[in-house]
Amino acid sequence: MQKRSGWIQKSKKDIQEIFRFCEEYKSFLDRSKTERETARYIREHLAENGFSEDCSGERVFRVNKGKEVAAYRRGAKGPAEGLRIIVAHIDAPRLDLKQNPVYEDVDLALLRTHYYGGIKKYQWVAIPLALHGVVIKADGATVEIAIGESDDDPVFLIDDLLPHLSRKVQDEKKLSEAIEGEKLIVLFGNIPLAGAEKDAVKQSALNILKDRYGISEEDFVSAELEIVPAFKARDVGIDRSMIGAYGQDDRASAFTLLKAICDGEAPKQSCLALFTDKEEVGSEGNTSVRSNFLQLFLYDVLTAMGVKADEATIRKALFNSKALSADVNGAVNPTFQDVHEKQNACYLGRGICISKFTGHLGKSGASDASAEYVGEIRRLFDRAGVIWQTGEMGKVDEGGGGTVAKFLASYGMDIIDCGAPLLTMHSPYEISGKIDIYETYHAFQVFFRS
Ligand code: MN
Ligand code: MN
């Protein structure tokens, strides 16, 4: 039953192709640090590949509030007979600025944050950070901000205590309490405004924002500004077999899905790619997989094809669909192997990982694919030579996690979780295996062509 590294099955030429594919993946990651930037990249790539917002076409897409994208490819069979659906999420753990973030203390301008998603707070101090997002000004105008990505940009940082002084207030505490949420405060400036009596450093920093972006302190109220790692995606390992980058959960799936929906001949079944938001906070809200966006998009596609798209038709189409919930999984950690049950864990380099079920503590909150559907996916991948492995997240009762699968499963469709294994998952610099990224793309292509 033990699977082996996928690399040994690859020729020199295959490996060249894998590396070439991953160069594009890295440039996607560098341009996609937020859900909005990812949605924009996806939209541009879809448009370059013949997708339009005209629902009567063979290739259709729609963007929901700049944060979620659906892309549809018409197959020989109409959507009413059921679709091939793959869903990935494009949000990632990060620090959001609070709505009243700026203050001054000890001659420093500082920004308060509220973290988004599951982070280990101690990983976010003393690393270079970038500021990305949008500000809606009092007059309704939108200002886009991205500071910290180009080499001559400044970056931002959260101070950590020097070891000389941290023994009592940090070192003897539990790791999860050594850096508290309210202490994730970003350094923003240090030069005081000449002649100002109060908060001179804060005033000076705000003046720069006013001059450069035309925004005032009040405008933060209607802003979505995200603090993300300023690192670029880079090869990892002497053999360049891995990629280090922020946000690979779940942009590893989003990129491979984007490529798979664009590439190849017209499919037999109609195909749908959904790039959704807010997965990291439980899929709540109007850009999450639980909003009505998907049904409304399908309604418009069916209507444009001349199909009477009442609620029953759409429900039947979704019920008859087959789906992949594309999300990454935690690969066996070399130094904390005890949290895994290694006979049922996934490993870096062994290809896309299929998880029959998710959830935690007795499969609570799980989406559990049927044996029949697992059998179907297994046959499909084997016939096409996809390199795949199975894996569940951690030992029984060790922890676990959920994905969007259960929300789509509630429509009655068959759905199974699958995605690339990652090391350092949910950290500011996640590690993927290049072969696993490539095989994820391969698997999605095969699924859409089935
Ligand atoms: Mn995920
Ligand atoms: Mn996640």
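What follows is a walk through the metal site, some charged pairs and a surface patch.

## Before you start

This is a predicted model, in which local features need pLDDT of at least 70, side-chain atom pairs count only at pLDDT 80 or more, and totals for chains, interfaces and linings use all residues. Residues are numbered from 1 along each chain as its sequence is written, chains are lettered from A and ligands numbered from 1 in the order in which they are written, and side-chain values use heavy atoms, with hydrogens and water left out.

Donors here are N, O and S atoms within 2.8 Å of the metal (3.2 Å for Na, K and Ca), and since water is not among the atoms, sites may look incomplete. His-89 sits in strand β3 (residues 84-89) and Asp-249 in helix α6, 160 residues apart, so the pair links distant parts of the chain. Helices (H or I, at least four residues) and strands (E, at least two) are DSSP runs, numbered from the N terminus.

Asp-249 bridges the two manganese ions, which lie 3.3 Å apart. Because Asp-249 lies in helix α6 (residues 248-262) and Glu-280 in the loop between β13 (271-276) and α7 (293-304), the pair ties together parts that are 31 residues apart in sequence.

Are these residues buried or exposed? Asp-249 and Glu-280 are both buried, and His-89 is buried too. Buried means under 20% relative accessible area, exposed over 50%, and partly exposed in between (1.4 Å probe, protein chains only).

## Charged pairs

The structure holds 33 salt bridges, each being a side-chain nitrogen of Lys or Arg within 4 Å of a carboxyl oxygen of Asp or Glu. One of them joins Lys-98 and Glu-182 (2.9 Å, N to O). Lys-98 is in strand β4 (residues 94-105) and Glu-182 in the loop between α4 (175-178) and β9 (185-189), so this pair ties together parts 84 residues apart in sequence. Lys-98 is partly exposed, at 23% relative accessibility.

Another salt bridge pairs Arg-290 with Glu-284, with the closest N and O atoms 3.1 Å apart. Arg-290 is partly exposed at 43%, and Glu-284 is partly exposed at 46%. There's also a network of salt bridges linking Glu-23, Lys-26, Asp-235, Arg-240 and Lys-434.

## A charge without a partner

Asp-417, in strand β20 (residues 414-419), is buried but has no salt bridge. Which side chain of opposite charge is nearest? That's Lys-406, 10 Å away; Lys and Arg count as positive and Asp and Glu as negative, while His and the chain ends are not counted. The side chain of Asp-417 does make a polar contact with the side chain of Ser-325 (2.9 Å). A polar contact is a pair of N or O atoms within 3.5 Å; within protein, one must be able to donate a hydrogen and the other to accept it, and residues adjacent in sequence count only if both atoms are side-chain atoms.

## A nonpolar patch

On the surface, Leu-161, Leu-162, Leu-165 and Val-169 form a nonpolar patch with about 340 Å² of accessible area together. Patches are made of residues with over 30% relative accessible area and no salt bridge, with like charges joined within 9 Å and nonpolar side chains (Val, Leu, Ile, Met, Phe, Trp, Tyr) within 5 Å. Accessible areas come from the Shrake-Rupley method with a 1.4 Å probe; for residues, only the protein chains shown count as cover. Val-169 belongs to helix α3 (residues 167-171) and is partly exposed at 48% relative accessible area.
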